[in-house]
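I opened this entry to look up pockets and what lines them. My notes follow the display.

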Amino acid sequence: MSEWKAKRFWTSAEAVEGEGGYAITLDTKPVKTPAKKALVVPTRRLAAAIAAEWDAQHEYVDPTTMPFTRTANAALDKVALQHAEVADMLADYGDSDLLCYRADQPAELVARQAEQWDPMLAWASTALGVTLEPRSGVMHQPQGSAALARLRAQVHALTDFELAAFHDLVSLSGSLILAFAAAQDVKTSKAIWDISRLDELWQAEQWGADEDAEAAAAIKQDAFEHAKVVFDLCQPES
């Protein structure tokens with residue numbers, strides 16, 4: 001038996017201002033999340049991006065082509081119900097941040113990590129008010145409690161929709177600091193993604209690229225860059 005697919009029934013999708021934000025309607029009928037909540041988002045720009053995804057559907061709805069809708073559904077159906085738990089999970093990355101675990105050899109890799117990762121930690125010290133200490137090797141060594149508490153507070157301050165996007169920025173890069181750097185436009189999302197993949201790129205230079213690994217990395221990069229776009233679309237319009 002073939003898998004059931006939802007069929008397109010509407011003529012046009014629109015972003016409509018309403019109570020609590022902006023809704024998406026299909027021929028005036030409001031879209032709901034999988035948990036049957038009204039799909040209402042904080043900004044017109046995000047609503048327009050979601051409406052465009054619905055308008056782009058053909059005979060059948062293909063959820064894999066609707067990343068803005070999926071992120072909004074996650075914000076409303078998951079993050080909104082457990083904001084503190086999600087924030088704590090992401091804040092925990094600060095105690096084992098990618099940028100803090102360094103190679104002790106070869107010298108070229110050690111130098112490259114210092115060249116690319118030290119400036120990001122220096123930025124965090126100034127912009128986020130936290131000092132994280134790098135370590136050699138992969139054994140966990142806890143960071144200072146005051147720095148972790150400041151990072152935790154800043155993660156908890158994110159809105160549900162920001163946190164839904166921030167989740168992917170953190171989990172895909174493996175770095176809470178790089179996620180904040182992406183969110184605050186310290187560098188382009190592409191540049192920050194490359195910084196997060198420094199070790200993999202180094203290995204590819206030494207031994208050659210693996211096609212399967214590169215294909216998987218490309219999918220993750222697309223998701224990372226999409227998360228940055230969503231984070232930006234959540235910001236109030238000036």
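Which residues lie nearest the centre of the second largest pocket, and how many line it? I noted first that the model is predicted. Then I listed the lining: 17 residues, with Thr71, Ala74, Ala164, His167 and Asp168 lying nearest the centre. I looked up where the lining comes from. Helix 2, helix 3 (83-91), helix 6 (160-173) and helix 10 (211-233) are the elements that give two or more residues to it. Helix 2 gives the most, with six residues.

Next I checked volume and class. The second largest pocket has a volume of about 430 Å³. I sorted its lining into seven nonpolar, five polar and five charged residues.

I turned to the largest pocket. Its volume is about 500 Å³. I found 20 residues lining it, and the closest to its centre are Val31, Lys32, Thr33, Pro34 and Trp54.

Which elements each supply at least two residues of this lining? I found strand 3 (29-30) and helix 2 (67-77). The largest share comes from helix 2, with three residues.

By class, I recorded 12 nonpolar, three polar and five charged residues in the lining of the largest pocket.

One entry to keep: helix 2 turns up in both lists. It supplies three residues to the lining of the largest pocket, and helix 2 gives six to the lining of the second largest pocket.

Conventions:
Residues are numbered from 1 along each chain as its sequence is written. This is a predicted model: local features need pLDDT of at least 70, side-chain atom pairs count only at pLDDT 80 or more; totals for chains, interfaces and linings use all residues. Side-chain values use heavy atoms; hydrogens and water are left out. On a 1 Å grid over the protein atoms alone, a cavity is a set of points where a 1.4 Å probe fits but cannot get out, and a pocket is an open set with protein on both sides within 12 Å along at least five of seven lines; lining residues have an atom within 4 Å of a point. Grid points are joined across faces, edges and corners, and a volume is the space filled by probe spheres set on the points. Helices (H or I, at least four residues) and strands (E, at least two) are DSSP runs, numbered from the N terminus. Ala, Val, Leu, Ile, Met, Phe, Trp, Tyr, Cys and Pro count as nonpolar, Asp, Glu, Lys and Arg as charged, and the others, Gly among them, as polar.
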